[in-house]
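Here is a short tour for anyone who likes to look inside a fold before setting up a calculation. Have the viewer open and follow along.

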Amino acid sequence: MLNPKLSEEDFQEIRRQHARLVRVGGVKASETKVSFATESQPSQSDEVDLNDAIKKMKMRPGTVDPAPASASAPTSFFSTSFFMDTILSVPTAILPKLPNVQDFLPFGKVPSDIPPSADVAADLETETTPWRRPYVRSAQSKAAIDARTRSCVANLRSTASLDSAVLKPLEVFNNHLYQYPFAKGVAVRSHAVSQLLHIRDKSENESVKMVAREGLNLLGYQEAVGSQGIRILCLDGGGMKGIIALEVLKRIELTTGRRIYEVFDFICGVSTGSIIASLLAFHKMSVNEVASAYKTLGAEVFKQNMFSGATGYLRSHSYYNTLAYERVLQSFVGNMVMGETARTPRTPKVAIVATLVNTEPMGPFVFRNYHYPYRSPSNFKGSSDHPIWAAVRGSSAAPGYFDEFCLEDKIFHDGGIMTNNATMIAIHEAQRLWAHEALHCVVSLGMGRFKGPIHPEEPFLDVKKPKNLSLAQKFSRIIDAATDTELAHVSLHDLLPGEVYFRFNPYLSEYFDMDEVRLEKMSKMREDTQMYIRRNENRFDEVCQRLVQPRSWSKRARDHISLASHYVRAQLDKGAVESQ
């Protein structure tokens, strides 16, 4: 708590911190006001100009005095309690004027003096944002955060019942990890994984199971894969040509007799592929259901008269109504936070790839529904704290079609700008999750390829009479090069064995635009894809057999032994607590 009245030494310390903030943060000293609580009326405050107060104290505005000597508790800029009292004493004046004031605070959040205790839940103070989970304001030092982490794990261990009574300690533990992801290491070393596995598998309360699954996901624990190794599905971008990939997936679903989320451990999508991936993995739809929803989505999004489209293009560089597109996405793919999808059993790992453009250099950004194991980070920037619709919106923000997507302090464009074929990213991400598993089957689906001039009646490349390209033609060629998918395919074809890597990218009889919604054109896409499938029957049979291949008995035995060891550890820890 803050003192109702500041001493002269405290005021000098505020003066020094103010001078430093002026120097670092660019605040004008003449513009700052500081509110001090008076001794007679603690509930009110007197607003004092800081420069006038300094003159009254006979201090020069340009000087920084040394800290007052104290034999018991020396004062410094990062002195925990005194620094926090100093900064929090001036919230209405100095702090709002700083663009990134949290950069000056320990661990990036405004902390509070909450000590770790056995009853952690009683000390929680939560704050919510539009879609992010509530996060916890906790201790201000890493040592205190580590102690709090151990206290959370101890609460899980000391809870005798596995019914609804354990829900509160589970939620406290999960909120703590959302607030401080780096506490994962201490939690793992404190055997939190064993405790959560014991709770998940022994409890009969479905709500408890769901929260325990989420906690395991936050710790980076991954279930064993369902086959001999990792099975990956990667979907390219391509607008309404996504029905081509759906035709291929329909063939796989029909042959295997299982839904797509049951035969793949990891699903990655870019642009329109992210929409398909979300419906298949999170909503666990059949391919026919996704195709019906996809057709409806395209009809609602890609409708625009020429005048409104031209106006939108001139105003915000987007031909179609972006707000309407966002509303459609929220109704189709949902508002659930990506990380919370781990609560549902048998949900595959999903990566949605966008392009982060307001960094130097720009690069891929991966929206994930998973967390990495301890000390196994990814090389790609990403987050699991955003809703599904926002991830899809960022991945499908195609320039010229929709507005760029601003999310917090980031700006996203379509993922296909840099990685229209994100199979390499998918392999990297999956191997970080299951470091001791080999790649068993990698299926990469393209959205069709067309060989020939886009407009045969007006070929712009004449071999006999070469001439310079127009500006529009140059721009078109740059876009084609940026969204090319075959270069990645050639590299993977050379690096991976033929029985592991499968690429399906049908040849098309004509060129189709990304926003093509005419029924006759969509029927033509399906016909071209079905022709491609008939010509590659053997390859499709091979990939389907690969996907349903069962896990060997030796690997299943190893998985059971690993799980049993966690159960034993949980029982030993619980017995140690009961004996105390």
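## Enclosed space

Searching the whole structure, which is a predicted model, turns up 3 cavities of 30 Å³ or more. How much space lies in the largest cavity? The answer is about 160 Å³. Its lining is made of 16 residues, and those closest to the centre are Gly-239, Thr-272, Phe-302, Tyr-325 and Phe-402.

Which helices each supply at least two residues of this lining? They are α11 (272-281) and α12 (287-301). The largest share comes from α12, with 3 residues. By residue type, the lining of the largest cavity holds 11 nonpolar, 4 polar and 1 charged.

## The chain as a whole

Of its 580 residues, 48% are buried. Among contacts with a separation of 6 or more, 73% are between residues 24 or more positions apart.

## Strands around β11

Now zoom in on strand β11 (residues 410-413), which pairs with β7 (residues 349-356) in the antiparallel sense over 2 bridges. In this pairing, Leu-356 stands opposite Phe-412 in β11.

Strand β10 (residues 405-407) also runs antiparallel to β11, and 3 bridges join the two. Here Leu-407 stands opposite Lys-410. The hairpin of β10 and β11 has 2 residues between the strands, and Glu-408 takes a positive phi near 55° there. As a general point to keep in mind while looking at strands, side chains in a regular strand alternate between the two faces of the sheet.

## A loop residue: Leu-496

Our last stop is Leu-496, in the loop between α19 (486-495) and β13 (501-504). Is Leu-496 buried or exposed? Its relative accessible area is 17%, so Leu-496 counts as buried, the cut-off being under 20%.

Which residues is Leu-496 in contact with, leaving aside its neighbours within four places in sequence? They are Ile-427, Leu-439, Val-442 and Tyr-501.

Methods:
Residues numbered from 1 in each chain as written. Predicted model: local features only at pLDDT ≥ 70, side-chain atom pairs only at ≥ 80, totals over all residues. Heavy atoms only, no water. Pairing = 2+ DSSP bridges. Helix = DSSP H or I, 4+ residues; strand = E, 2+ residues; numbered from the N terminus. 1 Å grid on protein atoms, 1.4 Å probe; cavity = no way out; pocket = protein on both sides within 12 Å on 5 of 7 lines; lining within 4 Å. Points joined across faces, edges and corners; volume = space filled by probe spheres on them. Nonpolar A, V, L, I, M, F, W, Y, C, P; charged D, E, K, R; others polar. Buried < 20%, exposed > 50% of the residue type's maximum accessible area, 1.4 Å probe, protein only. Contact = heavy atoms within 4.5 Å.
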